[in-house]
Amino acid sequence: MNRTDTCPMSHIRLDHMSEPTAAKLKYYEEYYQESHTLAHGIVVDESGQLRDGYTSYIIAKKYGIRPDIYEAFAEQPLKKVVRGRHVVWDKETWKIKSDRYYTWNYTLRDPVVCGDILKVRTKKGQAFIRVDKIDYVTGKGFCEEYRNVIKHMKKRL
């Protein structure tokens, strides 16, 4: 997948897109207002059709910002991935357990932003991570490379 600056926002096609729920849009917009960054970029296909990142698109238009726009071929599978570090609950707060980063597929319907705590499956069982980055992968091999997130914990660190 390549970042592209050749597709301005005005050329992104929204055919067959359904509006995000008010709760989802609110979650992403609150994150933008706190961090002054979008949770993740926008993915379009080779014809400019939006594939993922509709809420980022809406927020970018509203605030007049230029989001990262990526291109992924329409016939290729596409998955949102989260990259994060393991965390543990320490009686009062979540603490980062390690400086090593890992990646999981994010297939849940819940909106996700950096700082969110997620339950994931690891080689050693289930664990928790703090999301540090949200990206996309495309292509069958890359989409099958990572395990899926189990649950969004509705907490943020």
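Residues are termed buried under 20% relative accessible area, exposed over 50% and partly exposed in between, with a 1.4 Å probe and protein chains only. The structure is a predicted model, in which local features need pLDDT of at least 70 and side-chain atom pairs count only at pLDDT 80 or more, while totals for chains, interfaces and linings use all residues. Residues are numbered from 1 along each chain as its sequence is written, and side-chain values use heavy atoms, with hydrogens and water left out.

Aromatic contacts were examined next. A pair of aromatic rings is described by the distance of the centres and the angle of the planes. Rings of Phe, Tyr and Trp (its six-membered ring) pair if their centres lie within 6.5 Å; planes under 30 degrees apart count as stacked, over 60 as edge-to-face and the rest as tilted. In one of them, Tyr-27 and Tyr-28, the ring centres are 6.5 Å apart and the planes stand at 80 degrees, so the pair is edge-to-face. Tyr-27 is partly exposed at 21% relative accessible area, whereas Tyr-28 is buried at 3%. Tyr-54 and Tyr-57 form a tilted pair, with 6.2 Å between centres and 35 degrees between planes. These two residues lie three apart in helix H2 and are therefore separated by about one helical turn. Both are buried, Tyr-54 with a relative accessible area of 13% and Tyr-57 with 9%. One aromatic cluster consists of Trp-89, Trp-94 and Phe-128.

Pockets were located on a 1 Å grid over the protein atoms alone, as open sets of points where a 1.4 Å probe fits, with protein on both sides within 12 Å along at least five of seven lines; lining residues have an atom within 4 Å of a point. Two or more lining residues come from each of helix H1 (22-35), strand S3 (50-52), helix H2 (54-63) and strand S5 (78-89), helices (H or I, at least four residues) and strands (E, at least two) being DSSP runs numbered from the N terminus. S5 contributes the most, with three residues.

The second largest pocket holds about 420 Å³ of space. It is lined by 17 residues, of which His-86, Tyr-102, Trp-104, Thr-122 and Lys-123 lie nearest its centre. S6 gives the most to this lining, with four residues.

How values were computed. Points joined across faces, edges and corners; volume = space filled by probe spheres on them.
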